Amino acid sequence: MRVERAILLADVSGSTSLYRQHGDEHASRLVFECVEGMQRIATIHGGEFVRSKGDDVLCLFESSDTAVQAAGDMMTFGARGEVSLHAGLHWGLVVRRGTELFGDAINIAARLSSQAKDNEVLMSRHLLDHTKSIDRSSLRSLGEHTLRGINAPTEIFALMAGGDDDGGVTSFAAQPTMFQAQRKDQVANTTLRLSLMDWTQDIAEGEQITIGRSQSCGLVVPEAWVSRVHASISVRGGIVEFKDSSSAGTTLTIGAAPEFYICRQTVALTGSGSIALGGVASGDAPRITYQVVQMG
């Protein structure tokens with residue numbers, strides 16, 4: 001079943017250190033009481049508690065306004081006790097299969113929650129656009145940011161519990177409108193130019209290319225030391241990521257820095273450099289060269 005909902009993911013801050021500080025029995029009681037309290041608050045505000053992984057709650061709301069109110073009450077509840085909380089809020093399409101939820105909207109709420117500081121709620125512009133009664137003066141814009149695993153940049157707002165000042169806000173660093181516009185242009189114009197012998201291709205924002213021995217790859221390198229799908233390169237949010245998924249690894253150069261070897265790791269490519277699939281096994285074989293350019 002597919003539904004549009006406000007998604008609230010609230011979590012106990014630093015639960016691992018709680019167990020070290022208070023011991024298993026006392027810490028588990030604190031966490032249990034927090035989770036139980038968050039469930040109760042969600043229900044009071046008309047939310048649906050979906051599940052908990054032990055120290056968090058995932059809830060759905062038909063109204064973004066009640067979701068924001070619930071999140072704020074959760075932060076106040078946490079601030080009064082021995083345990084701090086943090087949360088992420090987003091509005092989007094959710095796919096339900098029994099008690100499990102799927103979709104990018106869930107991932108965005110989770111990423112926002114993971115970035116929030118103690119007693120802080122981070123919410124997306126998309127959720128804010130679906131609210132009617134929230135006091136906008138209580139929010140602080142942190143600008144647009146690319147969340148891990150999410151293609152499009154997300155504009156993020158912080159709601160602090162108890163009127164905390166700016167010193168407590170997550171340090172995405174709020175950006176003036178002029179710089180946000182410049183960042184949008186930079187993201188849209190970032191292009192990766194790949195070359196191998198007589199072959200050249202540009203990879204634009206939002207695109208990805210796979211490299212390997214398989215004929216299904218965007219760049220086919222038919223060498224024995226190259227895996228069927230050796231690596232992939234994507235351009236997301238103005239960042240160029242090279243992901244090695246091979247067994248032989250890859251040797252990379254970035255600018256004038258010394259070459260380095262990776263295997264089943266991901267690195268960001270900047271400027272210009274070279275890619276040798278298979279690492280030392282590639283020997284004197286031609287290298288793929290790349291250049292990150294700003295088009296337009």
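Reader: Let's start with Cys 217. Is Cys 217 buried or exposed?

Author: This is a predicted model, and in it Cys 217 has a relative accessibility of 7%. Buried means under 20% relative accessible area, so Cys 217 counts as buried. Cys 59 is buried as well, with a relative accessible area of 0%.

Reader: With cysteines in view, how many disulfides does the structure have?

Author: The general idea is that a disulfide is a covalent bond between the sulfur atoms of two cysteines. Here, a search of the whole structure turns up zero disulfides.

Reader: Okay, on to the inside. Which residues have the most contacts in the largest nonpolar core?

Author: In soluble globular proteins, nonpolar side chains tend to be buried together. In this model the largest nonpolar core has 35 residues, and Leu 8, Met 74, Leu 89 and Met 123 have the most contacts inside it. Several elements each supply at least two residues of this core, among them β1 (2-12), β3 (56-61), α3 (64-79), β4 (85-97) and β8 (154-160). The element that gives the most is α2, with eight residues.

Reader: Now sheets. In what order do the strands of the five-strand open sheet come?

Author: Strands of a sheet pair through backbone hydrogen bonds, either parallel or antiparallel. In this open sheet the order is β12-β11-β13-β14-β17, and the pairing is mixed.

Reader: Which strands stand at the edges?

Author: Those are β12 (219-220) and β17 (266-269). Each has a single partner strand, so one side of each is left without a neighbour in the sheet. For β12, you can follow the pairing with β11 (residues 208-212): these two strands run parallel and share two bridges.

Reader: What about β18: how many of its residues are buried?

Author: Five of the six residues of β18 are buried, so the strand is largely enclosed by the rest of the structure. With β15 (residues 250-254), β18 pairs in the antiparallel sense over five bridges, and Ile 254 has Gly 273 of β18 as its bridge partner. With β19 (residues 288-294), β18 also runs antiparallel, joined by four bridges. There, Ser 274 stands opposite Thr 289 of β19.

Reader: Next, pockets. How much space lies in the largest pocket?

Author: Rolling a probe the size of a water molecule over the atoms shows where empty space is left. In the largest pocket there is about 310 Å³ of space. The lining has 15 residues, and the closest to the pocket's centre are Arg 148, Gly 149, Ser 234, Arg 236 and Glu 241. Both β13 (231-236) and β14 (239-244) supply at least two lining residues, with β14 giving the most, four residues. By kind, the lining divides into four nonpolar, seven polar and four charged residues.

Reader: And how do the residues lining the second largest pocket divide?

Author: That lining has 13 nonpolar residues, one polar and two charged. About 210 Å³ of space lies in this second largest pocket. Of its 16 lining residues, Leu 196, Val 221, Glu 223, Ala 285 and Pro 286 lie nearest the centre. Strand β18 (residues 272-277) turns up again here, giving the most to the lining with three residues.

Reader: Last one: backbone angles. Which phi does Met 197 have?

Author: Most residues other than glycine have a negative phi, and most peptide bonds are trans. Met 197 is not a glycine, yet its phi is positive, about 55°. You'll find Met 197 in the loop between β9 (190-196) and β10 (199-204), and it is exposed, with a relative accessible area of 69%.

Reader: Where is Arg 264 found?

Author: Arg 264 is in the loop between β16 (260-262) and β17. Arg 264 also has a positive phi of about 55° although it is not a glycine. At 59% relative accessibility, Arg 264 counts as exposed.

Technical notes. Residues are numbered from 1 along each chain as its sequence is written. This is a predicted model: local features need pLDDT of at least 70, side-chain atom pairs count only at pLDDT 80 or more; totals for chains, interfaces and linings use all residues. Side-chain values use heavy atoms; hydrogens and water are left out. On a 1 Å grid over the protein atoms alone, a cavity is a set of points where a 1.4 Å probe fits but cannot get out, and a pocket is an open set with protein on both sides within 12 Å along at least five of seven lines; lining residues have an atom within 4 Å of a point. Grid points are joined across faces, edges and corners, and a volume is the space filled by probe spheres set on the points. Ala, Val, Leu, Ile, Met, Phe, Trp, Tyr, Cys and Pro count as nonpolar, Asp, Glu, Lys and Arg as charged, and the others, Gly among them, as polar. Two strands pair if DSSP finds at least two bridges between them. A disulfide is a pair of cysteine sulfur atoms within 2.5 Å. Buried means under 20% relative accessible area, exposed over 50%, partly exposed in between (1.4 Å probe, protein chains only). A nonpolar core is a set of buried Ala, Val, Leu, Ile, Met, Phe, Trp, Tyr and Cys residues joined through side-chain atoms within 4.5 Å.
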